[in-house]
Amino acid sequence: MNSHSKKSKLSQLLQRFDQLGIVLVLIVLMVAVGFKNSTFYSWDNIINVLRSTSFIFIIGIAITYVLITGGLDLSVGSVMAMAGILSAMTAQAGAPLLVSILCGILFGFAIGLINGILVVRMNIPTLIVTLGMMYVVDGLVLIVTKGSPIYPLPDSFKALGQGSILGVPNIVLIALVLALIGAFVLHNTQYGRCVYAIGGNRETARLAGIHVNAIQMSVYVLASVSASLGGILMAGRLNSAQPSAGSGYELTVVAAVIIGGTSMFGGSGSIFGTLLGALLMTVIENALLLMKISAYWQSLIVGIIIIFAVGLDQYRRKKYGMG
Amino acid sequence: MQNGGEYLLELDHITRRFLSVTALKDVCLKLKRDEVLAICGENGAGKSTLMKILSGSDSFGNYEGTIRINSQPMRFRSTKDAENAGIEMIYQEISLHLDLTVAENLFMGALPATKWKTVDWRRMIKDAYEYLQNVGLHVDPRQKVKTLSTSQQQLLSIARAIAKKPKILVLDEPTSALTQTEAENLLRVIKDLKARHVSCLYISHKMDEIFQIADRVTVLRDGEHIADYAACDVTPKKLVEDMVGRKIEVLYPKQQAHIGEEILRVEDFCVPHPYMKDRNIVDGVSFGLRRGEILGIAGLVGAGRSELLNAIFKAQEDGVSGKVWLEGKRIDGLSLRGIKESGIGYLTEDRKRNGFIAGAAIRENIVLASLSKIVRGGLIDHKAERQYATEYFRKLSVKAPDIETPMFHLSGGNQQKVVLAKWMMTDLKVMFFDEPTRGIDVGAKTEIYRLISDMANQGIGIILVSSEMPELISMCDRFLVLSHGKFRAEFTKDNVSQEKIMKAATLVEEN
C-alpha cells in the first residue's frame, strides 16, 4: 500500500512535469535576460511581450480544444489573414465597425464548418483537410488582394487594435477574458468533458451517447472563429490587413499548445499550459532580441523545445502503458 | 541422440517474480519425447509468463530455477537462443506480414540467396511447396498472405515454425480464431508432427481439444503447478475444477430471478455482412426478452452475435433493417443516444477499444454515460459527480486506491467493473453483455457473474453473448444459437447441453 501511494505521487509529478519544465525554463530565461538587459522588465517591454503572446494565445485556446479531441488545424494562419482582409475591406467601404468585424468572423465560421464537415462526415484525416484548407484560403487571400495590403483603415478599426484600458492593450484584455471562459468551459461544463472524452477514446464516447460528430465539428468552428478574431485585431493593430499576416502562425500556435503539455494524441491538455507555451515562445523571441543574439536562432531553440515536449509525452505514455 | 534420459524438456522449480507479484511459483514441468503435453489454466494462471521464459522473450530473464533440454541446463536470453535450442513458438495472435507473399513469410529471416546475394525466388517457391504440403495447406506460395483465410494463416505460421526444424513446438491457444472444422484440421497436423518426432506443448483451455490430442495434461493455477495427469485417466470436470480451484458450481453464482413480462422485442432483424457484399451476417432474426431473464446467444466466432447487438444498439447503422420494441414502444428509429436514454446498456466485446478511456480517471469513466445526472444547466456538479462515482466504486468493489486513479493502472477485471459501473449508473431496462469476462482472472469473473445475476434480480432483461460454453450454460435461462445469419435452435435451462449447442452452431456448415 505504502509503495503504491509513493508510486502514484511520483507518477502525478511526472504527469505534471512537462508544465513544471516550462515554468522552470521560463523563470531561468527571464532572470537571465533581465540580468543581462534590464529593459526586459520595463513596462513597455512587458506590454510588448504580453501583446505578442496574446495573438498566439487567442488562437491557442481554441487549438487546445482541437488537439484535446485528437485533431489538428493548420488552416488558422490563412484564416487569420483572410478574415483581417475581409473586415478591413468592408470597413474601408464604409461599413460600421460591428458589421465589418462580423464579416470576418462569419468567414471564419464558414471555413470552420467546412473543415468540421470534411473531417467528421467524409472521414478525411484532419491533417489533410486543414492542410488543404490552408492552401485554399491562402489562394483566396492572394486572389482578393493581388498580393498588396489593405490600408489605411478607419479610426474605429484602428482603435480596436491599438487601444488600451489603463495602459493594458485591448488585445491582452480580450485574451484574458477568453482564457477564463476557455478554461472554465473545459473543466466545468458537459461540453468540456465531452471534448476530453472524444480525444481519450472516440468510440467509447460515442457508445456512451455523446454527440461526437457535433462536438468535433464545433471545435473546428471554434478554431477558425478565434483565428478570424486574431486576424481582425492584428489588422487593427498594424493599421493594415496584410496578405501575409498569418503566415507561419498555424505552426507557432500548435507549437505553443504542444509545449504547454497538450497531447498530440488527444485526451489531455489545459488552457493554462497553452498560456505558458505561448508565453515561452514570445519570451524566447524577445530575449534573443534584447540579448542581441541573431533572431535566426529562434527557430532552432523552439524546435528543440517542441521535440523535447513531445518526446516527454511519448515517454509518459509508454511508461504508463497508454500508448 | 537419445542420450538425454526420458525427458526432452524439463522445467525445474521455475519461479518468476515481478516487483510485488509472483507470476510463477516453483513450477515443474516435464515434456517427454514424441508426446503432446497440454498445459491448461485460466487467464492469469502463468501460462504466458511460462511461454516468455521458454521463448527467451522475457525481457529481464531473471527467473529462478533451471531449464534443461536433453538434461543439459539452458538459459535463454533472447528468442534466438531458444530457436537455436530447437524451440519454436506459435502464438494466439497471428504475426505474419500480410503484404508479403506466403513464401516470403515462410522464409523470413533466412531467405535463400543466389551467388549474387539476391533472393533466389525459384528455390524459395519450390521449397515453399514442400513445407506447405507438410501442414496440408494448399495455396500458391506467390499469393499474398492477406488473401488467406484465418485458418490458412494459422497453418502458415505452423509451417513457418516447422521450416526451422524445431524439436519442440509450443502452441498457445492456436484454435481461438478458427472454426470447428478448421480446428480439427489443425489438430490433425499436430498429431502428424508427433509421428515425425516433434514434441508439442499445447496451451489451451478447450477441453475437447485437449482430450483429442494430448498424451498428458499439466494444470496451472495462480502461477502454481497444480497437477499432472495422463489424459486417459482424468475427466474434463476434474480438470476444470483444478483450473478454477474450487467446485464449478461456486464459480457461477446465478440466482433464479423472477422472470416477468416481455420487455424487448426484435422482429425481422437484418445486418449486412461487414466484408462480403450483398450478404447478411444476421438474416431476418426475431426474438423476445423478458424482465429478469438472461438470454444466452451462442454461436461460433463470426456468426454475427456481436453484429446483432451492435446493430440493435445503433453502434452500426448502415444497411440494418428490422423492428425493435422496448416496453412496447418502437425504438429502431432512434439514434444511438436515444437507444441509450430509453434504457439499454451495452458492454462491448473489446473494452480496450471502445469500453473505457484509458487515460481518464475511474470517476470520469463511471459518469461518462450519465452526464445528464451530474450536469445542471450545462455545468458539471463536481460534488454530485464524486458522490456517484464513489457510490458505484464501492458497490462494485473496484480494487484501486481511489476514484481518481487512471484506468490504465487497473487490472482487466477491475477495468471491466468500471465499464459495468458506467452502465449501471444509467437507468437500465435491458443490458447487453458481449464476452464480459474475456481476459480477466477467475476471482473477478465470479464477481462479474454475481453482478449480472443481481441485475437480473432487479428485473433488468439481459442478453449474454459468450464463447465460453460453461459460462453461457451456467448463467442463462434460455439459449438461442446463431449460425449463418439465423437462429438454428432454442434451448431452455432444462434441455441444454454443450453438445446440442455446438451441433446447432455448426449445423449449416456440415450440410
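Modeller: Here is a walk through the contact between chain B and chain A. Keep in mind that this is a predicted model, where local features need pLDDT of at least 70 and side-chain atom pairs count only at pLDDT 80 or more, while totals for chains, interfaces and linings use all residues. Residues are numbered from 1 along each chain as its sequence is written, chains are lettered from A in the order in which they are written, and side-chain values use heavy atoms, with hydrogens and water left out.

Okay, who takes part? Chain B brings 31 residues to the contact and chain A brings 25, where contact means heavy atoms within 4.5 Å. Together the two chains bury about 2,400 Å², with 62% of that on carbon and sulfur atoms; buried area is the accessible area (1.4 Å probe) that two parts lose on being put together, summed over both.

Now for the charged side of things. The count between the chains is 1 salt bridge, meaning a side-chain nitrogen of Lys or Arg within 4 Å of a carboxyl oxygen of Asp or Glu. B:Glu385 pairs up with A:Arg193 in a salt bridge, and their closest N and O atoms are 2.7 Å apart. On chain B, the elements that each supply at least two residues to the side touching chain A include helix 13 (362-367), helix 15 (382-395) and helix 16 (412-425); helices here are DSSP runs (H or I, at least four residues), numbered from the N terminus. Sorted by class, that side of chain B has 15 nonpolar, 7 polar and 9 charged residues, with Asp, Glu, Lys and Arg counting as charged, Ala, Val, Leu, Ile, Met, Phe, Trp, Tyr, Cys and Pro as nonpolar, and the others, Gly among them, as polar.
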